[in-house]
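Please look over the sequence and the structure before turning to the points below.

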Amino acid sequence: MSTAMAKTEPYKDRIELLQGTLDMLILQALRWGARHGYGISQAIRAGSGEVLQVETGSLYPALHRMERQGWIKAEWGTTENNQRAKYYQLTAAGKKQLTREHSRWKQMAAAIGGLMNADGEA
Amino acid sequence: MKQFDGLFRRRRDEDLSDEIEAHLAMAAHDRVERGEGKVEAEAAARREFGNRALVQEVTREMWRWGSLERLWQDIRFGLWTMRRSPGFTTVAVLSLALGIGANTAILTLIEAVMSQWLPVKDPARLVLFYDGINSGVYSGRGYHSDIFSYPFWEFLKKSAGPFEDVCAFRQSNDRVAMHLAGASDSEPDERAEAHLVAGNYFRVLGVSAAIGRTLRLEDDAANAVPVAVISYRYWQDRFHSDSGVVGKSVVLNGTAFTLVGVAAREFFGERIRTAPDFWLPLAFQPQVLQRESWLAAQDVYWLNFMGRLKPGDTAQHAAAVVTAQLQQFFLAQAGTDVAPSTRRKIHEARIVLKPGGTGISGLRYLYSEPLHMLMAVVGIVLLIACANIATLLLARAAARRAEFMTRLALGAAPGRIMRQVLTESVLLSLTGGLAGIIFAWWSLKGLVVLLDINPVVKVRPDPAVLIFTLVITLLTGLLYGVIPAWRFSNMEARSMTLVRYAEFGRSRFGSTQALIVVQVALSCVLLVGAGLLARSLLKLETQEMGFQDGQVLIVSIDPQMAGYQKNELFALYRELNERLNQIPGVVSASLARYTPESGNSSSGNFSIEGYTPSAGKEMNLYSVEVGPHFFETLRTPLLMGREIGERDTPSAPLAAVVNQKFVDTYFPGQSPLGKRFSNGSPLRPPIFEIVGVAANERFYDVRQQAEPMAYLAAWQAQGQSPYFGDLLIRTSADEASVVAAVRRALFAINKKLIVVNFTRLDHQVEESLAQQKLITDLSSVFGFIALLLAAIGIYGTVAYAVSRRTFEIGVRIALGAQRQNILAMILRESVVLTLVGVMVGLPLAFAAARWIKGFLFGVKAADPLAIAAAIVLIALVSLLAGYIPAARATKTGPAFALRYE
């Protein structure tokens, strides 16, 4: 792990989302069906109004890790343009994880929002 | 390592490559759709993607979660962790090596001594006979007497009954005078050991000959040609491995035997002892023993049996059948007119069969207790080592907290961290186990010498023991790894990142503290035990023996072997007395049937003229035959009357000297001189008259108080065997010159009178304490090792506590606290823990002391000196172990301490 961490170090300052949050966004992107890696990054980008751009250096490790964790599963398929691509889709565990992450996110957002608003009023 | 990883990676590497390729193609395709040129689009897609190699590398890291890879990664990381803290690793591996090594060594020894098979065919089917009365004697675990007569052997020989085969043998070896046929008469006879066995002895054991043949049933007949088989060892030593030895003739006690073969190299007999020189057929008992024939005697019991069970048969079933045979035999012997009481006795006679494949062993009896005690001791040492390493691992938690927190924060599952910490522990213990096995083989060599274990017992790596070692190694790894693993994996990742530990005040009583208490308590047990044993040994060594063992030689001869008849013995003894006492440098010389602490004893019930014992009291008397000058030679004080002297000839009244204990027991406050006693009850000839009283001697066992004892006149010997061979010689000159002079004197009396054995009385006394001394030494060594481990544990804990409290200490010093106060504050913990440990350990020590009571002499289990010594030692060592890091802490300047935090 430690050696792995050492190697990821150059990327550290570019990861702007908390890890759990990126996971949640990926799961969210897969909610309506299977997508390939490129499709996921495009979906997050479009869905956030071009604000969030997921780096491939974060996306692919996250996908492979989540596959290991059993939240998503992968299958090779073909795009409408006849391009062979690896499609990811949610598993039952992934759906549960998404629900969990989502509610946690809502709590945190509310808490941080509350803090920020309180500070603003002071 | 790269190759190992490669096995798993290659396929997925291609897969990942394809995936990224697809990503780039799709990104480029989108750009082309938006109107970019094909080449520019592809370049832009690649640029947007970033460093492809790095992305691949980072993604690959995620694969490490595969179980095999994960294990490999854990191992690699564990090794790295071990290298990173060499001090901790060294201490841990050393204490483990010691703990595991000592356990392996002792267990190997127990395995070898207690349950090693004889080097014979299918030993599991061999059974030994015993009579069901001398309980345990045939279990192969004790000494025993011969219990069957030759006629019963003949009866059994005719029908092996439930056995595939059964054979008889005499239990002891017999000493014979040997010379090669044709050797010149002027050469003195050599002494050799012969074992009388039935003709089918080798067949039953399934032992073949290395050269020639073994004995056959037809060799074992009264009219057969005398033949002998020699042992491989004797063949090498005496015949220099001469391949033409078969057919040669040797004269044993005057009878010529033809050598027919050399037994298999590894074979030493049915008893765990050095192989005899000769195996001779039972039928030659009269010639070999030079006694009346026992071959037809119904009432001379001199044989043992060993049977080979039929495949699938049980010892129990065979015993039932052979018991019926025995009873049938007795009934046939008793004749037609059998008294009801005799009939009942016959029906009570039974044979019990015990496993015989491991042979008969005195070692087992001798070493069973000490080896099991040592096993317990080394087991405790291993426990302490475990507790010690767990303590150190916990102390390291401070150093590794950041590491584990980071990993938890990065999403590592608690279970995974636990697994990793356990992998590290097991790795550590495997390293320790490996070192332990090396340590075990190395120390076994020494132990075999120290314990004086007969080389026929092969002390060697045993698969069962190695498996045991592996199991305890893994178990210890889990044992000391589980607490730290549990601790680490339960760290609250998020709270840790936000709140930094700033611990103030006394630390709580946690697992670290409990582990220290365990170590101190167990050390306390070992140290008290070692103290008790040391005190016992000291008492044994310094006690009043009743004789002075310095400067006394014991020279053994064998008049029977030299061919003396019973009626020639008095003349021989008188001549020995004269000649030996004239040798320059000899202060005085005497003769005895056996000598103090030789392991021999003789006792029986007796009666005193005009003395009626109180009802139910058995009158038991130890006795030994001695020559003139006996007490003078041993310097045993004579309290009354005279000692056995030259006037006590066969024609004089039978004289006896008794010891003080005899007088105290039977004639308290009176003079026993002139009183008469005899062996057996009631009083019957021969009757001995008491002519003197000697001080009590510890004659039979240095551990035992003197019992009533009588010293009878050797020249008047009344027993069945009047052959005595131990000459006791007190010297004032150099040993070698006296021994040479003794040899010359013996040769002058009779050239066949050779020295068969030679030792010193003080060595003999020392030897009788050898086992006690060894146990004491080993327990002291293990006691100190335990203490050392506990000290390391305390040192580690205090050092850790200090490192956690550096900030606090800095603040206190900055605020003007005295260094002494700081020191006391830090030391308080180790003092409290030591006290608690001692309080837990003492009751355990008492319990353990009761268990080793058999090894204690002259001290009580609750011996205040041993306990006080243990406590003082523990207190000193733990104070020192705590003081070093504490003193270091108080020396740090406040500024440094504050910066540190």
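The points below cover strands, aromatic rings, nonpolar cores and a single helix residue. The model is predicted. In chain A, an open sheet of three strands has the order 1-3-2. Over all chains, the structure holds 44 aromatic pairs.

**The sheet of chain A**

- Strands of a sheet pair through backbone hydrogen bonds, and the pairing is either parallel or antiparallel.
- In the open sheet of chain A, with its order 1-3-2, the pairing is antiparallel.
- Strand 1 (35–36) and strand 2 (72–78) of chain A are the edge strands, as each pairs on one side only.
- Seven bridges join strand 2 of chain A to strand 3 (residues 84–90) of chain A, in the antiparallel sense.
- Within strand 3 of chain A, the residue opposite A:E75 is A:Y87.
- Helix 4 (residues 56–69) of chain A lies across strand 2 and strand 3 of chain A, and runs at about 55 degrees to strand 3 of chain A.
- A:R84 lies over the face of A:W76, at 4.1 Å from the ring centre.

**Strand 8 of chain B and its partners**

- Strand 8 (residues 255–263) of chain B is largely enclosed by the rest of the structure, because seven of its nine residues are buried.
- Strand 5 (residues 209–212) of chain B pairs with strand 8 of chain B in the antiparallel sense, over three bridges. Here B:I211 stands opposite B:V262.
- Strand 6 (residues 227–230) of chain B pairs with strand 8 of chain B in the parallel sense, over four bridges. B:A228 has B:L259 as its bridge partner in strand 8 of chain B.
- Strand 7 (residues 249–252) of chain B runs antiparallel to strand 8 of chain B, and four bridges join them. The partner of B:V250 in strand 8 of chain B is B:F257.
- Strand 7 and strand 8 of chain B form a hairpin with two residues between them. B:N253, in the turn, has a positive phi of about 45 degrees.

**Aromatic rings in chain B**

- A pair of aromatic rings is described by the distance of the centres and the angle of the planes.
- B:F155 and B:F329 form a tilted pair, with 5.2 Å from centre to centre and 45 degrees between the planes.
- This pair links distant parts of the chain: B:F155 belongs to helix 6 (residues 150–158) of chain B and B:F329 to helix 10 (residues 315–334) of chain B, 174 residues apart.
- B:F155 is partly exposed, with a relative accessible area of 21%, whereas B:F329 counts as buried at 7% relative accessibility.
- Both belong to one aromatic cluster, which also includes B:F129, B:F148 and B:W153.
- B:R238 lies over the face of B:F239, at 5.8 Å from the ring centre.

**Nonpolar cores**

- The largest nonpolar core has 151 residues. The residues with the most contacts inside this core are B:F129, B:F267, B:F278 and B:W279.
- A second, separate core has 33 residues, including A:L22, A:A29, A:V54 and B:W63.

**A residue in helix 21 of chain B**

- B:E767 lies in helix 21 (residues 761–768) of chain B.
- B:E767 counts as exposed, because its relative accessibility is 60% and the cut-off for exposed is over 50%.
- B:E767 and B:S598 are 169 residues apart in sequence, and their C-alpha atoms are 9.2 Å apart in space.

Terms used:
Residues are numbered from 1 along each chain as its sequence is written. Chains are lettered from A and ligands numbered from 1 in the order in which they are written. This is a predicted model: local features need pLDDT of at least 70, side-chain atom pairs count only at pLDDT 80 or more; totals for chains, interfaces and linings use all residues. Side-chain values use heavy atoms; hydrogens and water are left out. Two strands pair if DSSP finds at least two bridges between them. Contact means heavy atoms within 4.5 Å. Axes are lines fitted to C-alpha atoms, for helices over the stretch in contact, and angles run from 0 to 180 degrees between N-to-C directions. Rings of Phe, Tyr and Trp (its six-membered ring) pair if their centres lie within 6.5 Å; planes under 30 degrees apart count as stacked, over 60 as edge-to-face and the rest as tilted. Buried means under 20% relative accessible area, exposed over 50%, partly exposed in between (1.4 Å probe, protein chains only). A charge sits over a ring if NZ of Lys or CZ of Arg is within 6 Å of the ring centre and within 35 degrees of the ring normal. A nonpolar core is a set of buried Ala, Val, Leu, Ile, Met, Phe, Trp, Tyr and Cys residues joined through side-chain atoms within 4.5 Å.
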